[in-house]
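Hello,

Here is the structure I promised to pass on. Please open it alongside this email.

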Amino acid sequence: MLFSYCPKCGEKLVLKSFGDEVDIPYCEICKSPYFDYFGQAVIVAVFNEHQQVVLLKQNYVSSEHRGLVAGYLKQGTSAEENAVREVLEETGQVTESIQYVKSYWHENKELLMLGFLVHVKRRAFNDSKEVDEIDWFERNHALTLVREGSIGKEHLENCIAIVNQK
């Protein structure tokens with residue numbers, strides 16, 4: 001979010017320098033800087049004990065391609081807690097281990113996506129209102145089902161490389 005007016009008093013902000021930062025929106029009445037902020041989400045590649053990866057089909061995201069577990073961070077919780085929660089909510093799988101992999105900038109949504117690799121013991125999927133289809137896929141086949149050039153594809157490739165090293 002880019003600030004033009006003070007969210008406390010409504011005054012038009014001026015640009016001011018702070019340390020090494022230049023042109024930071026500043027309220028001269030409240031004496032407060034307002035750094036731009038953006039959303040954060042997790043994106044999670046979920047692997048089972050057979051090294052298969054779960055892919056979701058969420059028609060509100062894409063009617064053509066499958067994707068990984070993902071969701072916005074909830075205030076007051078860590079990125080890891082959000083990744084574990086999203087895996088459970090969207091798939092019904094219980095996280096056994098979690099590893100941070102990499103962050104990705106989603107330009108269109110002005111969103112920082114924190115990428116995780118999760119391992120689970122395969123169990124029945126739950127019935128999530130967010131998921132239209134869900135299944136386990138062999139790693140190489142999974143790569144063909146995720147949209148080329150997407151953050152999901154890049155993250156899946158990174159996670160497969162990590163899984164292949166073990």
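Below is what turned up, from the overall fold down to single residues. Please keep in mind that this is a predicted model.

**Overall fold**

The protein chain has three helices and nine strands. Along the sequence, the pattern reads β-β-β-β-β-β-α-β-β-β-α-α. The C-alpha trace spans about 60 × 35 × 30 Å along its principal axes. The radius of gyration of the protein chain is 20 Å, whereas a compact globule of 166 residues would have one near 15 Å.

Of the 166 residues, 41% count as buried. The chain exposes about 9900 Å², and carbon and sulfur atoms supply 49% of that area. Take the contacts between residues at least 6 apart in sequence: 60% of them join residues at least 24 apart.

**Nonpolar cores**

The largest nonpolar core has 21 residues. Phe-47, Leu-68, Met-113 and Leu-156 have the most contacts inside this core. At least two residues come from each of β4, β5, β8, α2 (139-145) and α3 (151-165). Helix α3 gives the most, with six residues.

Leu-156 shows how this region is connected. Neighbours within four places in sequence aside, Leu-156 is in contact with Phe-47, Val-53, Leu-68, Ala-142, Leu-143 and Val-146.

There is also a second, separate core of 15 residues. Its members include Val-44, Ala-79, Val-87 and Trp-136.

**Aromatic pairs**

The structure holds six aromatic pairs. Two are described here.

Phe-3 and Tyr-34 form a tilted pair. Their ring centres are 5.4 Å apart, with 45 degrees between the planes. This pair links distant parts of the chain, 31 residues apart. Phe-3 sits in the segment before β1 (14-18). Tyr-34 sits in the loop between β3 (32-33) and β4 (39-47). Both residues are buried. Phe-3 and Tyr-34 also form one aromatic cluster with Tyr-37.

Tyr-100 and Phe-116 make an edge-to-face pair, because their planes meet at 70 degrees and their ring centres lie 5.6 Å apart; the cut-off for edge-to-face is over 60 degrees. Tyr-100 is in strand β7 (residues 95-106) and Phe-116 is in strand β8 (residues 111-120), so the pair ties together parts that are 16 residues apart in sequence. Phe-116 counts as buried, at 1%.

**Lysines over rings**

Two lysines are worth a look here. Lys-12 lies over the face of Tyr-5, at 5.2 Å from the ring centre. Lys-16 lies over the face of Tyr-26, at 4.2 Å from the ring centre.

Val-54 counts as buried because its relative accessibility is 1%, and the cut-off for buried is under 20%. Its contacts, leaving out residues up to four places away in sequence, are Val-46, Gly-67, Leu-68, Thr-91, Phe-125, Ile-134, Asp-135 and Trp-136. Val-54 and Leu-68 are 14 residues apart in sequence, and their C-alpha atoms are 7.2 Å apart.

*Ala-41.* This residue is found in strand β4. Ala-41 is buried, with a relative accessible area of 3%. Which residues does Ala-41 touch, not counting those up to four places away in sequence? They are Gly-71, Tyr-72, Leu-73, Leu-111, Leu-112, Met-113 and Leu-114. Ala-41 and Leu-111 are 70 residues apart in sequence, yet 7.0 Å apart in space, C-alpha to C-alpha.

*His-119.* This residue is in strand β8. His-119 is buried, with a relative accessible area of 17%. Residues up to four places away in sequence aside, His-119 touches Phe-47, Gln-51, Val-94, Thr-95, Glu-96, Ser-97, Val-163 and Lys-166.

Best wishes

Conventions:
Residues are numbered from 1 along each chain as its sequence is written. This is a predicted model: local features need pLDDT of at least 70, side-chain atom pairs count only at pLDDT 80 or more; totals for chains, interfaces and linings use all residues. Side-chain values use heavy atoms; hydrogens and water are left out. Rings of Phe, Tyr and Trp (its six-membered ring) pair if their centres lie within 6.5 Å; planes under 30 degrees apart count as stacked, over 60 as edge-to-face and the rest as tilted. Helices (H or I, at least four residues) and strands (E, at least two) are DSSP runs, numbered from the N terminus. Buried means under 20% relative accessible area, exposed over 50%, partly exposed in between (1.4 Å probe, protein chains only). A charge sits over a ring if NZ of Lys or CZ of Arg is within 6 Å of the ring centre and within 35 degrees of the ring normal. Contact means heavy atoms within 4.5 Å. A nonpolar core is a set of buried Ala, Val, Leu, Ile, Met, Phe, Trp, Tyr and Cys residues joined through side-chain atoms within 4.5 Å. The radius of gyration is taken over C-alpha atoms; the globule rule is 2.2 Å times the number of residues to the power 0.38. Accessible areas come from the Shrake-Rupley method with a 1.4 Å probe; for residues, only the protein chains shown count as cover.
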